[in-house]
Amino acid sequence: MKRRFQENNWRSNPTFKSLVKALCACTSEEQMANFLRDIGTLAELKAWSERLDVAKRLSIGQSYREIAKETGASTTTVSRVAWFIENGEKGYTSIVGPFQPLTTTYGHHHTLHSAPRVRSKQRQ
């Protein structure tokens, strides 16, 4: 019987641990790109790349709507990334840095001021 990835066990899952070790073993950008292409579909690579781009834009204080418009990401994706930045394992923050306060406003809502505001506390 396969063990499901759940919040209480994903980190200790042997196949996940093996994936993490394989990613850490890559010694160059080219090797990492080749490995990611071999294990992920183009749609998965696009989704991961898009999420990282969204996280970078959130970190500089861009509004949800501007990010969605400029990247093509759905506002649901932007909200999900924002939720993980605020409530997740701090992986995004360790790569792109913390949120920066806005110096200008972009509208009356869906604008980050210092941290994302997402209603649901349940991971998606």
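Helices (DSSP runs of H or I, at least four residues) and strands (runs of E, at least two) are numbered from the N terminus. Colour the chain by this assignment, and the protein reads α-α-α-α-α-α along its sequence, with six helices and zero strands in its secondary structure. What you are looking at is a predicted model, in which local features need pLDDT of at least 70 and side-chain atom pairs count only at pLDDT 80 or more, while totals for chains, interfaces and linings use all residues. Residues are numbered from 1 along each chain as its sequence is written, and side-chain values use heavy atoms, with hydrogens and water left out.

**The whole chain**

Of the 124 residues, 27% count as buried, where buried means under 20% relative accessible area, exposed means over 50%, and partly exposed lies in between (1.4 Å probe, protein chains only). If you draw contacts (heavy atoms within 4.5 Å) between residues at least 6 apart in sequence, 52% of them join residues at least 24 apart.

Select R3, which lies in the segment before α1 and is partly exposed at 47% relative accessibility. Leaving aside neighbours within four places in sequence, R3 is in contact with N9, S12, N13 and P14; of these, N13 is ten residues from R3 in sequence, with 7.8 Å between the two C-alpha atoms.

Move on to R37 in helix α2, a partly exposed residue with a relative accessible area of 40%. Not counting residues up to four places away in sequence, R37 touches L42 and L45.

Then centre on K90, in the loop between α5 and α6, and check its backbone: phi is near 70°, a positive value in a residue other than glycine. K90 counts as partly exposed, at 41% relative accessibility.

**The largest pocket**

Rolling a probe the size of a water molecule over the atoms shows where empty space is left. On a 1 Å grid over the protein atoms alone, a pocket is an open set of points where a 1.4 Å probe fits, with protein on both sides within 12 Å along at least five of seven lines, and its lining residues have an atom within 4 Å of a point. Grid points are joined across faces, edges and corners, and the volume is the space filled by probe spheres set on the points.

The largest pocket has a volume of about 1,400 Å³. To find its centre, select F16, W48, R51, G91 and Y92, which are the closest to it of the 30 lining residues. Coloured by class, the lining has 16 nonpolar (Ala, Val, Leu, Ile, Met, Phe, Trp, Tyr, Cys and Pro), eight charged (Asp, Glu, Lys and Arg) and six polar residues (the others, Gly among them).

**The aromatic rings**

Which residues do ring pairs link into a cluster? Select F5, W10 and F16 to see it. Rings of Phe, Tyr and Trp (its six-membered ring) pair if their centres lie within 6.5 Å, and planes under 30 degrees apart count as stacked, over 60 as edge-to-face and the rest as tilted. By this rule there are three aromatic pairs. W10 and F16 form an edge-to-face pair, 5.3 Å centre to centre with 80° between the planes, and F16 is partly exposed at a relative accessible area of 22%. For the last stop, select W83 and F84, an edge-to-face pair at 5.1 Å centre to centre and 80° between the planes; W83 is buried at 6% relative accessibility, whereas F84 is partly exposed at 24%.
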